[in-house]
Amino acid sequence: MGIESVAIKDFKINYLHFGNAQKPKLVLMPGLSIQSVLNSAAAIEKQYALLAENFDMYLFDRRENVQMGYSIEDMASDTLAAIDALNISKINIVGVSQGGMIAQVMAIKRPNLINAMVLCSTSAEVNPKDEGILNWINLAKQKDAQSLLDSFFKQVYTPQFYETHKRAVKVLARYIKDEDLERFIILATPILGFNVKEDIKKLNIPTFVCGSKKDNVVPFWCIEELITLLNAKSWILEDSSHALYDESPLFIPKLLEFFQRNN
């Protein structure tokens, strides 16, 4: 276990594998990031330790060598291909932010693969002129890593979290390469105009939706709409952030409770 890779035809996907191999499979689909989340593998394993006692866990990165035009549907198809290549026949899935969009498309494409699903800080549709995403893309195009990181962290996390970590954000900016920014642009662009509303309302998968009323990335009405479309159970925080999945100490216990009821 650890960081591994799977090759499918003409591409490769890296993934983090940890947890209890004798337990049900649980796939984590992370959100949009400026550098690969696999750089934080040790922190992820620590964060999800409670779930790892009860599940065989896989966190899939996006494929290597992406090109402009790479869509959310492509991300979902690639992840499904990786799951098939690993001979996994049934999964539970957690999708956060953009990862929640990917999880929705995976569920639409292969509903029988998914036993239960958690969607956090995500939406079934995104305004094609979303100002926050467009600003991030423009900052990346300007190769302004510092401003991009500042904007990203300020929107995604609470002010308290940002103040605590702003020195680390400045240090991190020094390690952002031009190729990281180019990849970010390619992965961020397909969020704009994403819409699976008509398809997900046909799903019949046990689903748990998590969100915050003060999310500065996903409008709260989008969370409410998602709950209605999927007839989902929900957990709503009054005063957290988009990244409640990182900030709330209750997030992992809530996931464990939901999955234990549905496995």
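This is a predicted model: local features need pLDDT of at least 70, side-chain atom pairs count only at pLDDT 80 or more; totals for chains, interfaces and linings use all residues.
Where is K143 found? K143 sits in the loop between α5 (131-141) and α6.

Eight strands form an open sheet with mixed pairing, in the order β1-β2-β4-β3-β5-β6-β7-β8. At the edges you'll find β1 (2-8) and β8 (233-237), each of which pairs on one side only. Going from one strand to the next, the twist averages 20 degrees. As a reminder, strands of a sheet pair through backbone hydrogen bonds, either parallel or antiparallel.

Now zoom in on β4. On one side, β4 runs antiparallel to β2, and five bridges join the two. Within that pairing, Y15 stands opposite F60 in β4. Strand β3 (residues 25-29) also pairs with β4, this time in the parallel sense and over four bridges. Here K25 has D56 as its bridge partner in β4.

How many of the residues of β4 are buried? Five of the five are, so β4 is largely enclosed by the rest of the structure. Both faces are covered: D56, Y58 and F60 are buried on one side, and M57 and L59 are buried on the other.

Y58 also leads us to the aromatic residues. A search of the whole structure turns up eleven aromatic pairs. One of them is formed by Y15 and Y58, a tilted pair with 5.9 Å centre to centre and 35 degrees between the planes. Because Y15 lies in strand β2 (residues 11-19) and Y58 in strand β4 (residues 56-60), the pair ties together parts that are 43 residues apart in sequence. Both Y15 and Y58 are buried. Another pair is F152 with F153, which is edge-to-face: the ring centres are 6.3 Å apart and the planes make an angle of 65 degrees. F152 and F153 are both buried too. These two phenylalanines belong to a cluster in which ring pairs link W136, F152, F153, Y157, F161 and F184.

Which residues of α7 are buried? They are F161, Y162, V169 and A173. The buried residues of α7 pack against α6 (145-156) and α11 (244-247).

Strand β5 pairs with strand β6 (residues 114-120) in the parallel sense, over six bridges. In this pairing V94 stands opposite V118 in β6. Helix α10 (residues 220-230) lies across β6, β7 (207-212) and β8, running at about 170 degrees to β7.

While you're looking at β7, pick out S212, which lies in that strand. S212 counts as buried, at 0% relative accessibility. Leaving aside residues up to four places away in sequence, S212 touches F220, L237, D239, S240, S241 and L244. As for L226, which is 14 residues from S212 along the chain, the C-alpha atoms of the two are separated by 13 Å.

Finally, back to the loops. Most residues other than glycine have a negative phi. K143 goes against that pattern: it is not a glycine, but has a positive phi of about 60 degrees. K143 is partly exposed, with a relative accessible area of 43%. N87 is another such case, a residue other than glycine whose phi is positive, near 60 degrees. You'll find N87 in the loop between α3 (72-85) and β5 (91-96). Is N87 buried or exposed? With a relative accessibility of 70%, N87 counts as exposed.

Terms used: Residues are numbered from 1 along each chain as its sequence is written. Side-chain values use heavy atoms; hydrogens and water are left out. Rings of Phe, Tyr and Trp (its six-membered ring) pair if their centres lie within 6.5 Å; planes under 30 degrees apart count as stacked, over 60 as edge-to-face and the rest as tilted. Buried means under 20% relative accessible area, exposed over 50%, partly exposed in between (1.4 Å probe, protein chains only). Contact means heavy atoms within 4.5 Å. Two strands pair if DSSP finds at least two bridges between them. Axes are lines fitted to C-alpha atoms, for helices over the stretch in contact, and angles run from 0 to 180 degrees between N-to-C directions.
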